[in-house]
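Hi everyone, thanks for making time this morning. I'd like to walk you through a structure that may be new to you, so let's bring it up on the screen.

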Amino acid sequence: MIRGIMALYTDTTAIVLTSDGHTEPFHVTKGILQGDTLAPFLFVLAVDWMMHRALTPELIAECGICVTPRRSSRYPACYLSDLDFADDIALLSRNISTAQKILASVEKSAMLVGLAINKSKTEYMVCGEVTADAGVQEPVTLSVGAGPIVKVDDFRYLGGWLKSSDDFRHRVPQAWQACNSMWRVWKCPTLSRDCKRTLFQATVGTVLFYNAETWTTTRSLERRIDGIYTRLLRKALDVSWQQHMTNKELYGKIPSAMHQLRERRLTFAGHCYRCEDQPVKHLVLWEGPAGKMVRGQGNRMTYVKQLLRDSCCETVDDLQRKMKNRMEWAKILHTTTSSSE
């Protein structure tokens, strides 16, 4: 099988179509075949090999973030150093000096497979206080071979903003754009309102609630979400506020926005916690070090607090026990989401 795939890339030639005709054939010595269904698989193989070579267990233990401390020889410490999705790679480290070490190691391994880190698309963000190892002077910035990379206050990864709680604010204009782009569907007189509601959930609702499984919401934000979702639905159903239609009539069989959000959040958290062989099991209830207290942020909503409130559990131990039992968690999910209507 490997020899067969290699044969596809042996003595491969291409031509360019111009206004004057075809160019002379030339050999393709780099990259993968454009449009080939094998292309993404081969690329992921190369990236996976590169990351395994760059992030050795010794480097991860030295530079990575400790998620689970060591309890015994049978239960060693668990470290997290990277989050990867195709070519979108997020490197994690305890401080800036070790972050530079990880970044340099990844860049060095990438060069072995003909890849390079794009400086213009690479940024770094500091969470919490900046610390340094004993006797190590922190560098002013991080850099790659092409030069220093930009420091930002927030970072967008896979469409979601990591640090700020304003991810919802970024989703609203995109949801309105999706809703307005389908005006021909909403104006269609032959479509029933039930059909429009179904299309609304599959299109506009999906855009609005992208990454919503990871949101933490205050009571004020929940009212904003419900209000914007209702206005979007009125737009889709072509219902004016002057018609004085109640929300019950407007929504029909569609659950409320917060009902959907809580259901997505609880379902996602329970699924992650039951993934025994994945790092996400240790991260879904991880709160990290306490850090320095900032005035006015003592009661800040965390993801763990959010899950406790959504599930009506009193302690984290109770939450873990119920999440581990799929049937019991499904019962909790149904009870809490039904009572939130």
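**A walk from the surface to the core**

Let's start with E62, which is partly exposed, with a relative accessible area of 38%. Please keep in mind that this is a predicted model. E62 has a partner: it forms a salt bridge with K101, and the closest N and O atoms are 2.7 Å apart. K101 is partly exposed too, at 40% relative accessible area. What I like here is the span of the link. E62 sits in helix 3, residues 57-63, and K101 in helix 4, residues 96-112, so the bridge joins distant parts of the chain, 39 residues apart.

How many salt bridges are there by this rule? The count comes to 13. Let me show you another, between R321 and D318, at 2.7 Å from N to O. Both residues lie in helix 13, three residues apart, which is about one turn of the helix. R321 is partly exposed at 47% relative accessibility, whereas D318, at 18%, counts as buried. K281 and E276 also meet through their side chains, at 3.7 Å from N to O, and K281 is buried, with a relative accessible area of 16%. There is a network as well, in which salt bridges link R219, E222, R262, R265, R309 and D310.

Now, let's go inside. In soluble globular proteins, nonpolar side chains tend to be buried together. Here, the largest nonpolar core has 28 residues, and those touching the most other members are F168, F200, L208, F209, I225, Y229 and L232. Helices 5, 7, 8, 9 and 10 each give two or more residues to this core. Which helix gives the largest share? That would be helix 8, with eight residues. If you zoom in on F209, you'll find W215, I225, Y229, A257, Q260, L261 and R264 in contact with it, leaving out residues up to four places away in sequence. Another core, of 16 residues, lies apart from the largest one, and its members include Y273, V284, L307 and L308.

Back on the surface, V16, F26 and V28 form a nonpolar patch, with about 220 Å² of accessible area together. V16 is in the loop between strand 1 and strand 2, and is partly exposed at 39% relative accessibility.

One last stop is the backbone. L158 is not a glycine, yet has a positive phi of about 55°; look for it in the loop between strand 13 and strand 14. H244, also not a glycine, has a positive phi of about 55°, and lies in the loop between helix 8 and helix 9. H244 counts as exposed, at 66% relative accessibility, while L158 is partly exposed at 36%.

Terms used:
Residues are numbered from 1 along each chain as its sequence is written. This is a predicted model: local features need pLDDT of at least 70, side-chain atom pairs count only at pLDDT 80 or more; totals for chains, interfaces and linings use all residues. Side-chain values use heavy atoms; hydrogens and water are left out. A nonpolar core is a set of buried Ala, Val, Leu, Ile, Met, Phe, Trp, Tyr and Cys residues joined through side-chain atoms within 4.5 Å. Buried means under 20% relative accessible area, exposed over 50%, partly exposed in between (1.4 Å probe, protein chains only). Helices (H or I, at least four residues) and strands (E, at least two) are DSSP runs, numbered from the N terminus. Contact means heavy atoms within 4.5 Å. Patches are made of residues with over 30% relative accessible area and no salt bridge: like charges are joined within 9 Å, nonpolar side chains (Val, Leu, Ile, Met, Phe, Trp, Tyr) within 5 Å. Accessible areas come from the Shrake-Rupley method with a 1.4 Å probe; for residues, only the protein chains shown count as cover. A salt bridge is a side-chain nitrogen of Lys or Arg within 4 Å of a carboxyl oxygen of Asp or Glu.
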